[in-house]
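User: I would like to learn how to read local features in a protein model. Could you take me through some of them?

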Amino acid sequence: MWHRIAAFVIKFRVFLLLLLLAITGFMGYKASKVELSYDSTGAIPTNNPKFLEYQEFRKQFGQDGTMMVVGVQTDHFFEPAFFDAYTKLVHQLEQVPAVENVLSIPTSINLVKDTVNNRLTVVKLTNGTGTITNTDTIASTFLNLPFYRGLLYNADTKAYMMALYINKDVLASKGRKKVINDIHKLCEAFSKNEKVEMHYSGLPYIRTEVGNKIESEMRMFLLLSFALTAVILMLFFRSAVAVVASMLVVAVGVVWSIGTITLLSYKITLLTALIPPLVVVIGIPNCVYFLNKYHTEYSKYGNKARALLRMVDRMGIVTLFTNLTAAIGFGVFFFTKSKILKEFGLVAGINILSLFFISLVFLPALFSYLPAPKTKHTNYLESGWLHNILTTLTNWVFNKRPWIYCCSLIVVAVSVMGLLRLKTVGFVVDDLPKKDKIYTDLKFFEQHFHGVMPLEIVVDTKRKNGAVSLPVMQKIDALSLYLQRFPELGHALSVVDGIKFARQAYYDGDSSSFGVPNMLDGAFLQPYLKTQSSTGSGSKNMFAKLLSSFMDSTKQKARISINMADVGSVVLPKLLDSIRPKTYEIFDTSKYNVTFTGSSIIFLEGSKFIINSLRDSLVLAFIMIFGCMIALFYSWRILIISLVVNIIPLLATAGIMGWVGIPIKPSTVLVFSVALGITIDVTIRFLVSYKQELERHKEDVPSTVRRTIFDTGLSIIYTSLILIAGFGVFALSNFDGTKSLGYLTSLTLLLAMITNLTLQPAMLLWLNKAGRGKSTTWMVENEEEDDTEEAEKLLR
């Protein structure tokens, strides 16, 4: 069959090249339309109960992750010059498109009792015009308002914060970059003029900055992976033509991969951004296998046409199955229920398989029009240092098999012990270095304001206007006071805080009156809750919006909004479990429904789901890949060998993670499925060559094993080095998770290369002693058949 396919590819190479060019042009057009994704909920299935609760919350109260915070720490905040400059900065930020509101000290409001009209008047602390000089009065008034304590300032540490609420539609588009950049530029100008450091955080800022890093790293990884693989190929083949041809193959693959993202109506995420450099890394071995076979056949027979025909004939099945297993390793993610993993799995699987067809068409067609390789281009086949390495490995296999088995058992034992030490944990920003400003700024807000990650508690009173009843408000206040006991939780804001603010105003601004109304003063306070602005409708609407945003339209549900620290996926469930008993004690579950939701909950659920999905997909990948092995070799003994040879590197990597304290999280658990799909390629390459050689050596297993080590060892070592170097590029990432993916996958590939060239041939020799299975010669054709005339005819 493969002989006919080889003949077809060479005979119709012009048509196939034009078709390849047309598809690449179309994919290039699609690739130019690719966009970044800013959706943070793609990790969790849409039918997940937590996700449904979150969507219901967003429907009733709006998006909770639209707040960006800017902080500063200074002893001179209320000095006239500084406060005036800060006020001007706030007003500049209010003018940034898509910034809907700025909650800050200069824009904060006070409520003043109007006894004549029986109402509360909303008064801004600053009028927003002219130079501000009365900062002592402003400071005295503001610091007397407990409503803002812990919300906009920390009196003990002299830290001050402003919150910018950004339009949710803009945050879901590429326009968010400009908005965040404009805010950052204005704040940095203020920072430079006033000689203070500004701190930035909040989900809009974190997601945008992370997105920017993804975009820049995607370009960097592509360039580095191209450069590294080109250098290694040049050292290998000593031929610029071979290097350029290989680079063209992977370049086409990259274009197709980015085009596929757009074609499927996907966007670039942290995972799909890895696909183009992965295509480069995985595509190069295809070129090495094909070109190595081409050079080997040409060196043997000295005929270019015959070498090209045999290149496709002999290596077609090997490359198909190596790409197929790699595609399965990635493609199994499509069968999870996570949107982000589905997208990654489908795009990666399709394009890794596409690399086979690209290399199958492009390489023989291109080299059919190029001159035959020169002697210097095939000298690598007799590389002295590689020959010495392969000789050493062969001696180990034939003379020191017990040592190979013992070392393997020791590695397994130590790895299992390390495996038992593995922990599962995830943080919103844990993939960033501890010195990165995004991380250090988040810690600034955690230190001074207990964090900025949104946690929402929704109390359903099950009756209209129940949220504004005095007993419910007292219960909400009691829960808010209880939450202050937890250092991980910041200021809890609810409609009750607005009512307490109004009560303080009713008692002429006495801060000791900042509390929930009782039965007596509640009746007197009721008429005053109709506010009137003394400085225009904006401040009135601000207070009214504050109250309405914490209740639904029927006033049946009340919302308690809490800023919290990024405590991680281990601590957060424990924290919620600590809060729930008291919550259900305050709010009787027979009368109230209490829901815990918000972006923090969704992150936790998404992180857990991704880890579980990746574990499940790893099992599925094992089943599918080894199903391919059975279909290819028809031998359960071969299956056992390939299983052992590939499990040991994965087990060793997991053990090392446990010993050095690298936790299981979405970015690190991805290593195992990726590595399995790639390492099995080496196994298939070795075993196919072994089966092809077995008949030629008249079923002489020792001779066949020896020949196979020398025939395949060269390409296995070089492709492994290329893959190791390619994945090693990811170690330069700013994200710890991507770094882990890089060096852990590289480590796994290195171990897989060793086991495939030592343990695997050793076990094949053991298999010969134990009794061979059914001979599998279906893929072997008569090596000595002279197909030179046919090949020459096809090239005409």
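Analyst: What follows goes through aromatic pairs, strands, a helix and some single residues. This is a predicted model, in which local features need pLDDT of at least 70, side-chain atom pairs count only at pLDDT 80 or more, and totals for chains, interfaces and linings use all residues. Residues are numbered from 1 along each chain as its sequence is written, and side-chain values use heavy atoms, with hydrogens and water left out.

User: How do I read an aromatic pair?

Analyst: A pair of aromatic rings is described by the distance of the centres and the angle of the planes. Rings of Phe, Tyr and Trp (its six-membered ring) pair if their centres lie within 6.5 Å; planes under 30 degrees apart count as stacked, over 60 as edge-to-face and the rest as tilted. By this rule the count is 29 aromatic pairs. F142 and Y148 are stacked because their ring centres are 5.2 Å apart and their planes are at 25°. In contrast, Y482 and F486 form an edge-to-face pair, with 5.5 Å centre to centre and 80° between the planes.

User: Are the residues of these two pairs buried or exposed?

Analyst: Buried means under 20% relative accessible area, exposed over 50%, and partly exposed in between (1.4 Å probe, protein chains only). F142 has a relative accessible area of 0% and is therefore buried; Y148, at 2%, is buried too. Y482 is buried at 13%, and F486 is buried with a value of 13%.

User: Which residues do ring pairs link into a cluster?

Analyst: The cluster is made up of F77, F78, F82, F83, Y86, F142, F147, Y148, Y153, Y160, F190 and F501.

User: Where does a charge sit over a ring?

Analyst: The criterion is that NZ of Lys or CZ of Arg is within 6 Å of the ring centre and within 35 degrees of the ring normal. The charged end of K434 sits over the ring of Y439, 5.2 Å from its centre. Likewise, R580 has its charged end over the ring of F596, 5.1 Å from the centre.

User: How do I read strand pairing?

Analyst: Helices (H or I, at least four residues) and strands (E, at least two) are DSSP runs, numbered from the N terminus. Two strands pair if DSSP finds at least two bridges between them. Strand 3 (residues 109-114) and strand 4 (residues 119-124) run antiparallel and are joined by six bridges; I109 has K124 as its bridge partner. These strands form a hairpin with four residues between them, and N118 in the turn has a positive phi of about 50°.

User: Which strands pair with strand 11?

Analyst: Strand 8 is joined to strand 11 by eight bridges, running antiparallel. Strand 9 pairs with strand 11 in the antiparallel sense over three bridges. S561 in strand 11 is the bridge partner of E456 and also of L493.

User: Why is strand 11 described as largely enclosed by the rest of the structure?

Analyst: In a regular strand the side chains alternate between the two faces of the sheet. Eight of the eight residues of strand 11 are buried, so the strand is largely enclosed by the rest of the structure. K557, R559, S561 and N563 are buried on one side, and A558, I560, I562 and M564 on the other, so both faces are covered.

User: How is the length of a helix checked?

Analyst: The expected span is 1.5 Å times one less than the number of residues. Helix 23 (residues 636-660) has 25 residues and should span 36 Å, which agrees with its end C-alpha atoms being 36 Å apart. Just after helix 23, G661 takes a positive phi of about 85°.

User: Which residues other than glycine have a positive phi in loops?

Analyst: K462 is one of them, with phi near 65°, in the loop between strand 8 (453-460) and helix 17 (470-483). K555 has phi near 60° and lies in the loop between helix 20 (537-548) and strand 11 (557-564). K462 is partly exposed at 42% relative accessibility, as is K555 at 32%.
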